[in-house]
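Subject: Model handover

Hi,

Here is the model for your review. My notes follow below it.

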Amino acid sequence: MGKTLKRSAAFTALARALAAGARGGPSLGTRLAALPRMIRATTRGEYDGGLRLALMTAATAYIVSPIDLLPEIPLMIFGLADDAVMITWLAGSVLAETDRFLEWEARRSSVIPGGLVP
């Protein structure tokens, strides 16, 4: 149940992000440009996306790896289906996480650093 929920959340995020881009939300270029900043902020410990970035990195490695859980040649369609699911999940996850990061970045830039003055 938990894996299905996460997978459906990634697909929902993908659909929402694509629709938002069409309605004036952050463009795909803006989201992709945010990736290096998101990685930098995560490695510095400023942003809490470490586990999500690790999962996205693992999914990317699985997609580009010549070693597959379900090989393409003997299993034909089923061998390609696992890659298609991973690509779809990865796209949805990247879009959802960059959207979350851009919101975090906007909130962070609106906060003035310093202490409270009584």
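Helix α2 (residues 28-43) and helix α5 (residues 77-109) have axes that come within 9 Å and cross at roughly 70°. That makes α2 roughly perpendicular to α5 (65 to 115 degrees; under 35 is roughly parallel, over 145 roughly antiparallel, the rest oblique). Axes are lines fitted to C-alpha atoms, for helices over the stretch in contact, with angles from 0 to 180 degrees between N-to-C directions. Helices are DSSP runs (H or I, at least four residues), numbered from the N terminus.

This is a predicted model: local features need pLDDT of at least 70, side-chain atom pairs count only at pLDDT 80 or more, and totals for chains, interfaces and linings use all residues. Residues are numbered from 1 along each chain as its sequence is written, and side-chain values use heavy atoms, without hydrogens and water.

On the α2 side, the contact (heavy atoms within 4.5 Å) includes Leu28, Ala34, Leu35 and Met38. On the α5 side, Val94, Leu95, Phe101 and Trp104 are among the residues involved.

Next, the rings. The structure holds three aromatic pairs (ring centres within 6.5 Å, using the six-membered ring for Trp). In one of them, Tyr47 and Phe101 have ring centres 5.1 Å apart and planes at 85°, so the pair is edge-to-face (over 60 degrees; under 30 is stacked, the rest tilted). Tyr47 lies in the loop between α2 and α3 (50-64) and Phe101 in α5, so the pair ties together parts 54 residues apart in sequence. Ring pairs link Tyr47, Phe101 and Trp104 into a cluster.

Best wishes

Notes. Helices (H or I, at least four residues) and strands (E, at least two) are DSSP runs, numbered from the N terminus.
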